[in-house]
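This briefing concerns the packing of secondary-structure elements in one protein model. Please keep the sequence and coordinates in view while reading the points below.

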Amino acid sequence: MSDDHDSSVATIDQLVDALIDREGDYVANPADRGGATRFGITEAVARVHGYGGTMAALPRGEAAAIYRRLYWLRPGYDAIATRAPLIAAEMFDTGANMGPAVATTFLQRSLTALNRNGRDYPDLVPDGRSGPRTLAALDAFLALRGATGEIVLLRALDALQGERYLRLAERRPANEAFLYGWLANRIGNK
């Protein structure tokens, strides 16, 4: 994070620690399509990262490394953090829960809806990748709207995330078991 932000801005290590604490230890809920998890890391993700042990024994440090690599660096949220640390924290949390492409699509959709019909910056194609066009749109939005804009953008991201959770519960009744926790721990609570 850049030095121009105050010290209350969380570092990636703090974001990872907070996320792991929220996710908890080993869970094997039969209603969860993701299967067994430890610290919120699914077995499929752990295997792709190269972990070969049992999920119940996944080390916290390994989970932290997975979060940093797959949910912070790979989707480019470190570049967003230099511009808008609150947005980057939201993107990280949403990406860890829904996938980085979904989180980035939420950002792209929000930025496009907030560009005053293209007067402030061009519309974005919601492709789920935070590349140069997405960063340029974020820069233009923040230059125009400033710190207040970051809060408004954060609210738009939370709204999209909350709507998706409700839709998941409506489409698959087994997800209702998770809805309360998703809304309590993921929306406006980072």
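The model is a predicted one. Helix α7 (residues 132–171) comes within 8 Å of helix α6 (residues 100–113), axis to axis, and within 9 Å of helix α5 (residues 85–98). The axes of α3 and α5 likewise come within 9 Å.

**Sheet**

- Strand β2 (residues 37–38) pairs with β1 over 2 bridges in the antiparallel sense.
- Tyr-26 has Arg-38 of β2 as its bridge partner.
- Strands of a sheet pair through backbone hydrogen bonds, in either a parallel or an antiparallel manner.

**Contact of α6 with α7**

- The two axes cross at roughly 120 degrees, which makes α6 oblique to α7.
- This crossing of α6 and α7 is right-handed.
- From α6, the contact is made by Val-102, Phe-106, Leu-107, Gln-108, Arg-109, Ser-110 and Leu-111.
- From α7, the contributors to this contact include Thr-134, Ala-137, Leu-138 and Phe-141, as well as Leu-153, Ala-156, Leu-157, Leu-160, Gln-161 and Arg-164.
- The residues of the contact of α6 with α7 comprise 11 nonpolar, 4 polar and 2 charged.

**Contact of α5 with α7**

- The axes of α5 and α7 cross at roughly 15 degrees; because this angle is under 35 degrees, α5 counts as roughly parallel to α7.
- The crossing in which α5 passes α7 is left-handed.
- On the α5 side, the contact residues are Pro-85, Leu-86, Ile-87, Glu-90, Met-91, Asp-93, Thr-94, Asn-97 and Met-98.
- On the α7 side, they are Glu-150, Ile-151, Leu-153, Leu-154, Leu-157, Asp-158, Gln-161, Arg-164 and Tyr-165.
- The residues of the contact of α5 with α7 divide into 10 nonpolar, 3 polar and 5 charged.
- Leu-153, Leu-157, Gln-161 and Arg-164 of α7 take part both in the contact with α6 and in the contact with α5.

**Contact of α3 with α5**

- The axes of α3 and α5 cross at roughly 110 degrees, and the two helices are therefore roughly perpendicular to each other.
- α3 passes α5 in a crossing that is right-handed.
- Tyr-67, Tyr-71 and Trp-72 of α3 meet Ala-88, Phe-92, Gly-95 and Ala-96 of α5 in this contact.
- The residues of the contact of α3 with α5 number 6 nonpolar and 1 polar, with no charged residue.

**Aromatic pairs**

- The whole structure holds 5 aromatic pairs.
- In one of these pairs, the ring centres of Tyr-67 and Tyr-71 are 5.7 Å apart and the ring planes stand at 50 degrees, so the pair is tilted.
- Both tyrosines lie in helix α3 (residues 60–73), 4 residues apart, which is about one turn of the helix.
- Tyr-67 and Tyr-71 also belong to the contact of α3 with α5.

How values were computed. Residues are numbered from 1 along each chain as its sequence is written. This is a predicted model: local features need pLDDT of at least 70, side-chain atom pairs count only at pLDDT 80 or more; totals for chains, interfaces and linings use all residues. Side-chain values use heavy atoms; hydrogens and water are left out. Two strands pair if DSSP finds at least two bridges between them. Axes are lines fitted to C-alpha atoms, for helices over the stretch in contact, and angles run from 0 to 180 degrees between N-to-C directions. Angles under 35 degrees count as roughly parallel, over 145 as roughly antiparallel, 65 to 115 as roughly perpendicular and the rest as oblique. A crossing is left-handed if the near helix is turned anticlockwise from the far one by less than a right angle, and right-handed if clockwise. Contact means heavy atoms within 4.5 Å. Ala, Val, Leu, Ile, Met, Phe, Trp, Tyr, Cys and Pro count as nonpolar, Asp, Glu, Lys and Arg as charged, and the others, Gly among them, as polar. Rings of Phe, Tyr and Trp (its six-membered ring) pair if their centres lie within 6.5 Å; planes under 30 degrees apart count as stacked, over 60 as edge-to-face and the rest as tilted.
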